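Thanks for coming. I will go through one model this morning, beginning with a sheet and ending with a cavity. Please have the structure open.

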Amino acid sequence: MNPNLNLYHIFHTVAECGNISAAANRLFISQPAISKSISRLEQNLNTTLFVRSSRGVSLTPEGEILQKQVDSAFASIQQGEDLLRKAEELGMGRLSIGVSTTLCRYVLLPCLRAFIHQNPHIRISVSCQSSNQTIKALENGEIDIGLTGESERAGKLLFDPLREIQDIFVTTKTYLENLKTRMQIEHAGHQESIYSHATLLLLDKDNLSRQYVNQYLSREMTGNDRLIEVTTMDLLIEFARIDMGVACVISEFVKEDLEQGKLIRLKSPVTIPPRKIGFAYGKTVRNNRAAADFLEFVKT
């Protein structure tokens, strides 16, 4: 405890008890130590705070002025402690998460739905941004946790893998049939790859998923004039649904489309290994109880 605050605490207790012996018993210190502390406070303030008598001590007019302020101060401290205890009981706290729009929709929202049900008093903010922006925000301490793909760019950040995802190529049956018809007319008698003539739908080059996929795609695929680049996976999927081309998407995010036949999966022109997505965070994030609780929750 701060030395001056300790003196005021002793003064406050003596004023309440009206007796140095009783104050010493309450504070578990000796009577001489109490008297010495009161004398020291009086010296600091250059005034007399108590009148001593055989029956105990009573406040001087100056002591009464000080007592009102000290009582108010300690009442505020007590109120603060009570509020902290209440917040602890309720599990109150704040948590900020960075995530791409697609990962937010397909991965984060299901996690949050269950977590919020169990922790209704935690204030959660979500920044929808690219995974690269999320990593930068984590490095700058602007957010607590980021849901992103595993990346060497994450540097010193910690990473808890959540699941594996697989990049695949999809299109509609209509687009594929029309493409094959054009290929038969334009390249009769030649065996041509679908990918050599299809309009390829990819995420933009600043996207972490695109950067991962680019390691495996040929230069011909990513550099032709039939390439359409978009900013989000959701938009990529929508373009594929309306017969605009062959899209490189994450299989888990088009599962329903594939099951219902809205999209069909094509044989990949290259082998793209599965990759991990999970929660990235700094080493000090567990000092934030809300963040630590969330990380433990998603592990179960």
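**The sheet and what packs on it**

Five strands, an open sheet: 5 strands in the order β4-β3-β5-β12-β6, with mixed pairing. Two strands pair if DSSP finds at least two bridges between them. At the edges are β4 (122-128) and β6 (158-165), each pairing on one side only. From one strand to the next the twist averages 20°.

Before going on: this is a predicted model, where local features need pLDDT of at least 70 and side-chain atom pairs count only at pLDDT 80 or more, while totals for chains, interfaces and linings use all residues. Residues are numbered from 1 along each chain as its sequence is written, and side-chain values use heavy atoms, with hydrogens and water left out.

Look at β5 (residues 145-149) and β12 (residues 275-281): they run antiparallel and are joined by 5 bridges. Within that pair, Gly146 stands opposite Ala280 of β12.

Which helices pack here? Helix α12 (residues 289-299) packs on the sheet and touches β3, β4, β5, β6 and β12, its direction making about 60° with that of β3. Helix α6 (residues 131-139) lies across β3 (93-99), β5 and β12, and runs at about 145° to β5. Contact means heavy atoms within 4.5 Å. Axes are lines fitted to C-alpha atoms, for helices over the stretch in contact, and angles run from 0 to 180 degrees between N-to-C directions.

**A helix pair**

Helices α2 (residues 20-27) and α3 (residues 31-45) pack at about 105°, their axes 9 Å apart. They are therefore roughly perpendicular to each other, a term that covers 65 to 115 degrees. From α2 the contact takes Ile20, Ser21, Ala23, Ala24 and Leu27, and from α3 Gln31, Ile34 and Ser35.

**The cavity**

How many cavities of 30 Å³ or more are there? The count is 1. A cavity is a set of points on a 1 Å grid, over the protein atoms alone, where a 1.4 Å probe fits but cannot get out; lining residues have an atom within 4 Å of a point.

Definitions and conventions:
1 Å grid on protein atoms, 1.4 Å probe; cavity = no way out; pocket = protein on both sides within 12 Å on 5 of 7 lines; lining within 4 Å. Points joined across faces, edges and corners; volume = space filled by probe spheres on them. Helix = DSSP H or I, 4+ residues; strand = E, 2+ residues; numbered from the N terminus. Parallel < 35°, antiparallel > 145°, perpendicular 65-115°, else oblique.
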